[in-house]
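Morning, everyone. Please have the viewer open.

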Amino acid sequence: MTSPRHEFTVVSPGRVNLIGEHTDYNDGFVLPLAIDRGLRMDVCRRLDDRAVLSSDRGGPSVEIELGLPITAGRGDWGRYVAGVLAGYQRLGWAIPGFAARITADLPTGGGLSSSAALEAGIATVVETLCGRTVDPVAKALLCQRAEHEFAGVPCGIMDQFAVTLARHGHALFIDCRSREVAHVPLGTSIAVLVIDSGVKHALGDGGYAARRHECETAARLLARPALRDVSGMEWPSLAPTLPEPERRRARHVVTENDRVHAFAAAARAGDWPTAGRLMRKSHASLRDDFEVSCPELDRICDAVGRIAGVFGCRMTGGGFGGCAVALIDDSRASDVEAAARAACTTALGHEPDLFLTAAAAGTRVEVNA
Ligand code: GLA
């Protein structure tokens with residue numbers, strides 16, 4: 001049924017978040033970047049009405065009937081695929097049959113948004129096959145809805161926006177309420193190091209939804225639409241009115257929003273020592289107030305943060321495991337990488353997976369000649 005050679009390839013990156021953690025679903029601010037690792041999808045058309053997808057990670061292939069309304073997906077990653085296809089069906093698009101072979105160089109469950117990369121990749125496959133596109137913001141929201149409704153993960157908009165809208169060499173500042181974005185140039189003097197704690201996280205496990213619920217409770221108790229509407233200036237007078245743990249959760253969000261603005265200003269000024277200090281404070285706040293770090297991430301951030309040439313290191317993503325991100329001096333990148341490998345091996349008792357990366361473009365198509 002499939003032609004022997006694929007017709008086009010979709011490249012869909014993972015992301016790391018530099019700062020602004022657990023702020024997106026509080027209508028706040030975030031500053032992620034897409035990385036030069038992610039998923040590749042080699043696609044060819046089929047003559048029937050089926051989507052057939054396989055992954056180099058093994059497991060059974062995913063088969064979806066496109067001629068019928070898609071209401072649910074099977075298997076771990078099949079749910080994300082089904083959710084995106086259903087989103088385009090809802091728009092009234094007739095999706096032609098296709099086969100996709102997916103290869104990945106991104107740790108799954110490592111907090112680098114392998115799921116958003118999959119969703120945005122499938123969305124781009126559909127748009128390429130149909131020869132038309134939706135607005136990129138609508139595309140990111142369609143992917144987020146797929147994750148909510150088909151995978152049961154109540155995520156914010158950061159990952160899908162980062163993966164869809166990122167630009168090479170830039171971080172993406174997102175106002176998660178207005179959905180306005182700004183591309184913040186990172187220059188060439190810094191590099192990004194990602195360190196996998198090896199602790200697998202799953203956002204569907206309940207901790208993420210619990211934090212989201214606590215933040216909503218805090219906003220309700222403060223009679224604000226969202227924690228975004230509490231400023232750092234007024235926080236000291238409002239804090240005593242909240243019970244625990246809502247007080248600590250809210251303190252993280254309020255202070256983290258301020259840190260995102262301060263980080264973006266420092267990045268624009270090339271003031272990396274200040275940006276690094278803000279990352280350290282962000283990690284401490286996630287560890288102590290938001291309680292989404294884990295001992296392995298704390299040890300990594302502590303060990304890597306001491307290495308000369310590292311401006312700052314923090315956990316990145318939803319937490320409860322996953323990866324840490326370090327902002328480092330590009331001219332010392334290979335020395336820092338070697339030192340970080342040694343320091344983390346001592347701190348963890350095993351050699352971690354770590355890699356240098358750079359700010360990459362969002363999901364894109366490569367047409368084969
Ligand atoms: C996950 C979610 C995002 C965001 C982060 C925490 O990655 O998918 O929407 O909430 O956690 O900042």
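A salt bridge here is a side-chain nitrogen of Lys or Arg within 4 Å of a carboxyl oxygen of Asp or Glu. Keep in mind that this is a predicted model.

Take E21 and R314. They form a salt bridge, with the closest N and O atoms 2.7 Å apart. Across the interface of domain 1 and domain 2, the rule finds three salt bridges. Polar contacts between the two domains come to 19 residue pairs, both residues at pLDDT 80 or more.

Which strands supply the side of domain 1 that touches domain 2? β1 (8-19), β2, β6 (170-175) and β7 (181-185) each give at least two residues. β2 has the largest share of that side, with seven residues.

Now the domains themselves. The assignment puts domain 1 at 8-183 and domain 2 at 186-357. Their centres, taken over C-alpha atoms, are 24 Å apart. In contact are 39 residues of domain 1 and 48 residues of domain 2. About 3,400 Å² is buried between the domains, and carbon and sulfur atoms give 62% of that area.

Back to β2, residues 29-45. This strand runs antiparallel to β5, joined by seven bridges. M41 stands opposite I102 in β5. β5 also pairs with β3 (residues 50-55), in the parallel sense, over five bridges. There, S54 stands opposite R101.

Is β5 largely enclosed or open, and why? Five of its seven residues, 98-104, are buried, so β5 is largely enclosed by the rest of the structure.

That's my tour. Over to you.

Conventions:
Residues are numbered from 1 along each chain as its sequence is written. This is a predicted model: local features need pLDDT of at least 70, side-chain atom pairs count only at pLDDT 80 or more; totals for chains, interfaces and linings use all residues. Side-chain values use heavy atoms; hydrogens and water are left out. Buried means under 20% relative accessible area, exposed over 50%, partly exposed in between (1.4 Å probe, protein chains only). Helices (H or I, at least four residues) and strands (E, at least two) are DSSP runs, numbered from the N terminus. Two strands pair if DSSP finds at least two bridges between them. Domain bounds come from an automatic or database domain assignment. Contact means heavy atoms within 4.5 Å. Buried area is the accessible area (1.4 Å probe) that two parts lose on being put together, summed over both. A polar contact is a pair of N or O atoms within 3.5 Å; within protein, one must be able to donate a hydrogen and the other to accept it, and residues adjacent in sequence count only if both atoms are side-chain atoms.
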